[in-house]
Amino acid sequence: MVNLEWYRTFKAIYKTGTLTGAADALFISQPGVSLHLSSLEAYVGYKLFDRTGRKMIPTERGKVLFNAVAEPLTRLEDVEKNFQKSTEKHTPTISVGMCFETFQTTLEQYVSSLPFNLIISFGEYPEMLDQLDKGILDLIITPKKGSSPNIEHEAFSSEQIILVGGKDVDTDAFKKVLKTKDAEQIEAWLKNEKWYGTTGDMEHLFQYWTLNFGHKPNFRPNYIVPNLNSIIRCLKGGTGLAVVPDFLCKNEIGSGEIKLIWEGKKKLENTLYFGCRKKTNYQTEIDHIKGLFRKMMGK
C-alpha cells in the first residue's frame, strides 16, 4: 500500500516547485523529500517531475496525478485540522534517539511526568543521525556529529571513559605496578583480571586500550552481558574490571560499591551533543528534554 506521506510530499513539491521549498513546508530534510518522491515514482511507474536546474517541472502524468490527489488531500488536511480544534488539548509526540544506558541513567525517571507524548528509539549513532535527517527522529543524544546541513549540534556535556572494578579488586597491587611505569607490566596485570564486556559496543574498551597501550586489546572479556548498566550491576558483586563512561557509575563509585581503578595515562573524553533539525515544529518539547539532560548531567 502506498504511503500517504508520499502524496503529501508530492503535493508540496508541486506547489513550491523545488525540493528545498517542499522540505521547508513539511519541516523535513531535503533527502527525506527526495526519498518520498523516488518511492512514489517507483510505485506509480513513471516520472512525475522533470528536474530543470533547481526547479521541479511536473510532467504531464505528474499533472494528472496532482489533479487526482489534490482535492482528497485537502479534505484529509481539513479533517485533521477540525479534529485538532475539537480536541480540548492537542498533545504533541516527539521521537528521541539515544543509547539504552543513557536513557536508563537520565531520562527514564522523568518520562511519567512529561507534558507530551514520547517515543524513545535505541540504535547505532550513524543510524540515528540518518533518521534525524529524514525526519523520523526529532532529537538525538550523541557523542558523534554528523555532516548534514539540515542538522545542528549543540555540545552540552562530556563523558570520561574510565577503568572501574569491583570493590574486592586489589587496587594496592595495581598501584605498585603503575609506579613502575612499565606498560607491559601494567597491561599484563590488567589482562590477568576478569573482564566484563557487552554484545554490541566494545568501542570504549578499544579506544581506552589503544590510547594507553598503543594497540587494541588482544583478549576477550570473560563475561559478555547485554549492556553497560548490566556491567555496573555485576561489578557490585565485588570482582572484575570494565571500561565504561563515568556518568553511568558516579553514584556507585561515590558509595563505594565499585572502585575507580585507573583514568589512564591520558584522559579519554567524549563530548556529548544534542542533535536536532534546524527547522522543527517541536522546539518547546525539545527544549524541555534538553533541560532535563542539563539538570541530570550538571551542565
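**View 1. Salt bridges in the predicted model.** The structure holds 12 salt bridges, a salt bridge being a side-chain nitrogen of Lys or Arg within 4 Å of a carboxyl oxygen of Asp or Glu. One of them joins the side chains of lysine 279 and aspartate 24, with an N to O distance of 2.9 Å. This pair links distant parts of the chain, 255 residues apart: lysine 279 lies in the loop between strand S11 (268-277) and helix H12 (283-297), and aspartate 24 in helix H2 (residues 19-26). Helices (H or I, at least four residues) and strands (E, at least two) are DSSP runs, numbered from the N terminus. The model is predicted, so that local features need pLDDT of at least 70 and side-chain atom pairs count only at pLDDT 80 or more, whereas totals for chains, interfaces and linings use all residues. Residues are numbered from 1 along each chain as its sequence is written, and side-chain values use heavy atoms, with hydrogens and water left out.

**View 2. Domain 1 against domain 2.** An automatic or database assignment divides the protein chain into domain 1 (4-86), domain 2 (93-157 + 270-297) and domain 3 (159-269). The centres of domain 1 and domain 2, taken over C-alpha atoms, are separated by 28 Å. Contact (heavy atoms within 4.5 Å) involves 7 residues of domain 1 and 7 residues of domain 2. About 650 Å² is buried between domain 1 and domain 2, with carbon and sulfur atoms giving 55%; buried area is the accessible area (1.4 Å probe) that two parts lose on being put together, summed over both. On the side of domain 1, Asp24, Phe27 and Ser29 lose the most area to domain 2, together 64% of what that side buries.
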